[in-house]
Amino acid sequence: MSASENSFMKSLFFGQIREEFIFPYPKLKPELAENVNMIVDAIDKFGKDVVKSAEWDEKGAMPREVVQAMAELGLTGIAVPEEMGGLGLPQSGYARVMQQVASLDGSLAVTLGAHQSIGYKALLLFGNDEQKKRFLPRLATGELIAAFCLTEPSSGSDAASIQTKAELSADGKHYILTGNKLWITNGAIAGFFTVFAKTNVVENGEKKEKVTCFAVELPTEGVSVGPGEHKLGIRASWTNAIHFDNVKVPVENIIGGVGYGFKVAMGILNHGRLGLAAGCVGVAKNAIKASIEHANERTQFKKKIGEFGMIKEKVAEMIVNNYVAESMVYMTTNLIDRGDMDYSMESAAAKIFCSEMLWDAVDENIQIWGGNGYMKEYPYERWLRDSRINRIFEGTNEILRCFVALSGMQGPGQELSGLAKAIQHPLKGLGVVTDYATRKVKQNVFGETMTKSHPRLKKIAGLLEEYTVELSAQTEVLLKRHGKEIHLKQFAQKRIADVAIDLYAMFCTLSRVTQVLEEKGEAGTEMEVAIAEAFCMKANRRIRGNFKAMDRNEDEMMKFIADKAYEIGCYPFDYFK
Ligand code: MYA
């Protein structure tokens, strides 16, 4: 069971609740909180003095000096160690800063996030000492701005299919890099690119092409930057194509080793997705504030509109979902900060949940503001446009749902195939079979028992105990039904991913509210208890629906309709014909 050993979410797919990973809810060290709060105040002041979102959005550009001004606040080196000129914040502090920057302006957040959530993250996670010393101090001060070059015209979600090539020079000192990268955030202002390219490697005597990660510093001959892209939202951020034409990159600039680039890219994105999730929490807080303001001010039918049930429902829903989102973000940053955890599924789950939470929040805020919400004189339509990209970049929510489902099922799948082999060799496999059978009997007869949640929340704990065992059982059913074909079964993947994301969201919330209750008691914590209960009741209905639909669903009809439509090429009906 090695895959799940230090992953909370992977363990759920085995029917196990590893409470020790998520209880108690992470508590900030007072010095860190103080430090981060000072930075947050400075960001707010910077927002008032410098940020001109409406103007930048209209022009589709912000002044380059704004990035320098952020650098002067230390914001370009948030996670760089202090001895290299950065702020040296852990991931939790980093996320809180991203949350605040995103609350000022989407384009600013994307510029800063592309620089350090992903742009120079390879150095921090996989760089050697020499590389760190060579680049990080200048990246921390903003002298160099970074960009992450993975996506290509023919390679988006399928990151392993990149065409950019890097060939070793005859003298073995350089790689020659050729290819085109697309939609590169910060492309026009970056002096440092993290570039992914295919290289030839020999593995077990066999020649193969594998991805390698390179640091490319400008100016370098052969690198050219395309014109700025015109976009729906985050219009003031820089987005460009980057062309590499026989660019010489010294071998010393390989990050993480030849052939390890895919792992490097995924490792970076596991961090980036969480920075994005934190940003979504910051923007959603703005939407909530704006909605409350209008609910309290606007009068219709001689009543404040906030008195009507449908408006209350919208505001409450935004608050519940943002609380849950925030709980997921800071639980997951803590998993990273611990240093011993696999957090790949948790960060994907947080990215999916938070980007969809934000989309709903900015949409419902416009609904509450009605006609005014649709008008350019208010920022709300821009918030909506700016937020749309979060469901697309850093892994579309569709591909991340596949990732969550398949990553979760991988461990049980391996166990089941090991079991099948063990049954064929009863003597060799006796131990494997007994371990498996013992765990299953324990889960089926006794269930999983939680011991660390607050008694006030025992109903939620009960649901989680039941559904964790059910997730494992349903995983087994799917694996037995589809075998390796499960990779092709996206309807099933989506359902199992949605259950897993809801469960993680519930666990994070349960842990946070347990801590609040333990610290403060029940008086004064009613709102947080209500948030946990309301979210879990809704999630309960979704989870039940998803489990039910595993067996009884409309999947075949939906596939038939889509296939027919692809054949015809359009919507084929007209009431008048
Ligand atoms: S940058 C571009 C973002 N692009 C993507 O995210 C690409 C999405 N695609 C993928 O992630 C992969 O291709 C998938 C795998 C997941 C589809 N951690 O056989 P495989 C391992 C650790 O499944 P594939 C951008 O948009 C896996 O276990 N390991 O591979 C920025 C396996 O290992 P092993 C992982 O089918 C824009 C191996 O890899 C992970 O090819 C600017 C192969 O896996 C993982 N996650 O596809 C953003 N995934 O072999 C700025 C896979 O050992 C934003 N593996 O079993 C700033 C924020 C702004 C905030 C604003 C707020 C408002």
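Which helices each supply at least two residues of the lining of the second largest cavity? They are helix H4 (53-59) and helix H13 (380-388), helices being DSSP runs of H or I with at least four residues, numbered from the N terminus. The model is predicted, with local features needing pLDDT of at least 70 and side-chain atom pairs counting only at pLDDT 80 or more, while totals for chains, interfaces and linings use all residues. Residues are numbered from 1 along each chain as its sequence is written, and side-chain values use heavy atoms, without hydrogens and water.

**Cavities**
- The model holds 2 cavities of 30 Å³ or more, a cavity being a set of points, on a 1 Å grid over the protein atoms alone, where a 1.4 Å probe fits but cannot get out.
- Volumes refer to the space filled by probe spheres set on the points, which are joined across faces, edges and corners.

**Largest cavity**
- Its volume is about 60 Å³.
- Lining residues (those with an atom within 4 Å of a point) include Phe13, Phe14, Tyr436 and Arg439.
- Helices H14 (397-424), H15 (426-446) and H16 (458-482) each supply at least two lining residues, and H16 gives the largest share, 4 residues.
- The lining comprises 6 nonpolar, 2 polar and 4 charged residues; Ala, Val, Leu, Ile, Met, Phe, Trp, Tyr, Cys and Pro count as nonpolar, Asp, Glu, Lys and Arg as charged, and the others, Gly among them, as polar.

**Second largest cavity**
- This cavity has about 40 Å³ of space.
- Among the residues lining the second largest cavity are Trp56, Asp105, Arg235 and Asp386.
- H4 contributes the largest share of this lining, 3 residues.
- The lining of the second largest cavity divides into 2 nonpolar, 2 polar and 5 charged residues.

Definitions and conventions: On a 1 Å grid over the protein atoms alone, a cavity is a set of points where a 1.4 Å probe fits but cannot get out, and a pocket is an open set with protein on both sides within 12 Å along at least five of seven lines; lining residues have an atom within 4 Å of a point.
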